[in-house]
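Here is a short briefing on one chain. Keep the sequence and the 3D view open while you read.

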Amino acid sequence: MSNLDQARVASRSAETTRVALIKAATSVFAEYGYDGGSVRLITQRAMANQAAVNYHFGGKDGLYREVLIAATKALEQNSFLCPEELDARSPEEALRLYLRQFLLPLVKRDRVSMYLRIFAWESVRPSEAFNAFIVASPPRIFHLAERVVKRFLPEEAPAETVTFATLWLAHQPMFFVRDAERLARAPFALKFDESSLERLVDTLASFSLRGLGNP
């Protein structure tokens, strides 16, 4: 094998390891959040050594940033909600559509759902790595939440009020997505399927309408 062929094989091997680490990190961070997602567990799932994380990403923060970049791209490419679609609905319909789409991880377990779960973890345990990331690339969920709440608030509403309402709405579905496994066990024993998802949307929409209608 020539030196060029050896270099190509090494390059492919390195890229395979890099991709495997990002894939493993996505599932681990979705399950345990940034703090609970250890490098040891990630490398075990990726079948790589821990030194590979430093080599490819400069450490855990760098790997997490790559996962967040992939999450942002995936949410854009799989745009289940767009601003124009929300604007075309009545305020109440836009609210229900927003809640339903961000509660879908309760009944779906695809990669986009894992990304939403990572954002859900950050809603209660914000990491410095995530805080640094959102300064440059605010997650789509917050942009869409702001678009929805502005439909209910008066045009002269202070910016602080808009921010409070946006954060409040964005966190409504995040709690259920993040804690779905725990909520499915006693004492709550909640069942998450298509029909229960609709009931949850109805309930949260009802609560939200009361709050947004009386700022």
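Is the crossing of H6 and H12 right-handed or left-handed? It is right-handed.

**Helices H6 and H12**
- Helix H6 spans residues 91-103, and helix H12 spans residues 194-212.
- Their axes come within 9 Å and cross at roughly 135°.
- H6 and H12 are therefore oblique to each other.
- On the H6 side, the contact uses Glu 92, Leu 95, Arg 96, Leu 99, Arg 100 and Leu 103.
- Residues they meet in H12 include Leu 197, Glu 198, Val 201, Asp 202, Ala 205 and Ser 208.
- By class, this contact has 10 nonpolar, 5 charged and 1 polar residues.

**Val 28**
- Val 28 is buried, because its relative accessible area is 0%, under the 20% cut-off.
- Leaving out residues up to four places away in sequence, Val 28 touches Gly 33, Gly 37, Ser 38, Leu 41, Ile 42 and Arg 45.
- Val 28 and Ile 42 are 14 residues apart along the chain, and their C-alpha atoms are separated by 6.4 Å.

**Confidence**
- The chain has a mean pLDDT of 85, with 90% of its residues at 70 or more.
- Among the elements, helix H2 (residues 39-46) has the highest mean pLDDT, 96.
- Helix H1 (residues 3-36) has the lowest, 77.
- The pLDDT is below 50 over residues 1-11.
- Beyond near neighbours in sequence, that stretch has 2 contacts in the model.
- Where pLDDT is low, predicted coordinates should not be read in detail.

Note on methods:
Residues numbered from 1 in each chain as written. Predicted model: local features only at pLDDT ≥ 70, side-chain atom pairs only at ≥ 80, totals over all residues. Heavy atoms only, no water. pLDDT = per-residue confidence, 0-100. Helix = DSSP H or I, 4+ residues; strand = E, 2+ residues; numbered from the N terminus. Contact = heavy atoms within 4.5 Å. Axes fitted to C-alpha atoms, helices over the stretch in contact; angles between N-to-C directions. Parallel < 35°, antiparallel > 145°, perpendicular 65-115°, else oblique. Left-handed = near helix turned anticlockwise from the far one by under 90°. Nonpolar A, V, L, I, M, F, W, Y, C, P; charged D, E, K, R; others polar. Buried < 20%, exposed > 50% of the residue type's maximum accessible area, 1.4 Å probe, protein only.
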